[in-house]
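Visitor: Hi! Could you walk me through this one? I'd like to hear about pockets and then the sheet.

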Amino acid sequence: MLWNIRKIWGIMFVFSLMILLAGCGTNTSGKEALTPTGYPSDEVQRITVYYQGNRYWYTDGGFDRELGEGFEKVGTVETVDNQSYQDEEWTGTRLEEGQEIYASEEDNSRIYVRFENGFAELERQEESLPE
């Protein structure tokens, strides 16, 4: 009887160890690991637009902002590439093709992109790209 109890505990230990090790394995689901932003880790993490030779970065102010005074529609996002930052006019990351872009002739430090409930502000920044 004592041998049977040891055998049962041993089997339970082995199964517990197998379950524990299975949970520690690599991601075999075929899906990329997500970052805190919710995007796959091997993709661009920030919303950007390349417009008139400048890259504009999302400022985290929300997607329901009012359009800034003096800003008018200048075009739409033509191409979206979430794999890498682009240096071609009207391209973006983390957006949808056809989203409207608004700019001002007096203020080239920022642009706006239209979303369903309002606008998001993107600022021009003179910084190097993340690797």
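Guide: Happy to. This is a predicted model, and its largest pocket holds about 200 Å³ of space.

Visitor: Which residues lie nearest the centre of the largest pocket?

Guide: Those are Tyr51, Val74, Ala103, Ser104 and Glu105, out of 14 residues in the lining. As for elements, β3 and β7 (110-115) each give two or more residues to that lining.

Visitor: And how do the residues of that lining divide into nonpolar, polar and charged?

Guide: In the largest pocket there are 5 nonpolar, 4 polar and 5 charged residues.

Visitor: How much space lies in the second largest pocket?

Guide: About 160 Å³. Its lining includes Thr37, Tyr39, Arg46, Asp60, Arg94 and Phe115. By class, the second largest pocket has 5 nonpolar, 2 polar and 3 charged residues in its lining.

Visitor: Okay, on to the sheet. How many strands form it, and in what order?

Guide: There are 8 strands in an open sheet with mixed pairing, and the order is β3-β6-β7-β8-β2-β1-β5-β4.

Visitor: Which are the edge strands?

Guide: β3 (72-76) and β4 (79-80), each of which pairs on one side only.

Visitor: In what sense do β3 and β6 pair, parallel or antiparallel?

Guide: Antiparallel, over 4 bridges, with β6 covering residues 100-103.

Visitor: What is the bridge partner of glutamate 72 there?

Guide: That's alanine 103, in β6. Ala103 is also among the residues nearest the centre of the largest pocket.

How values were computed:
Residues numbered from 1 in each chain as written. Predicted model: local features only at pLDDT ≥ 70, side-chain atom pairs only at ≥ 80, totals over all residues. Heavy atoms only, no water. Pairing = 2+ DSSP bridges. 1 Å grid on protein atoms, 1.4 Å probe; cavity = no way out; pocket = protein on both sides within 12 Å on 5 of 7 lines; lining within 4 Å. Points joined across faces, edges and corners; volume = space filled by probe spheres on them. Nonpolar A, V, L, I, M, F, W, Y, C, P; charged D, E, K, R; others polar.
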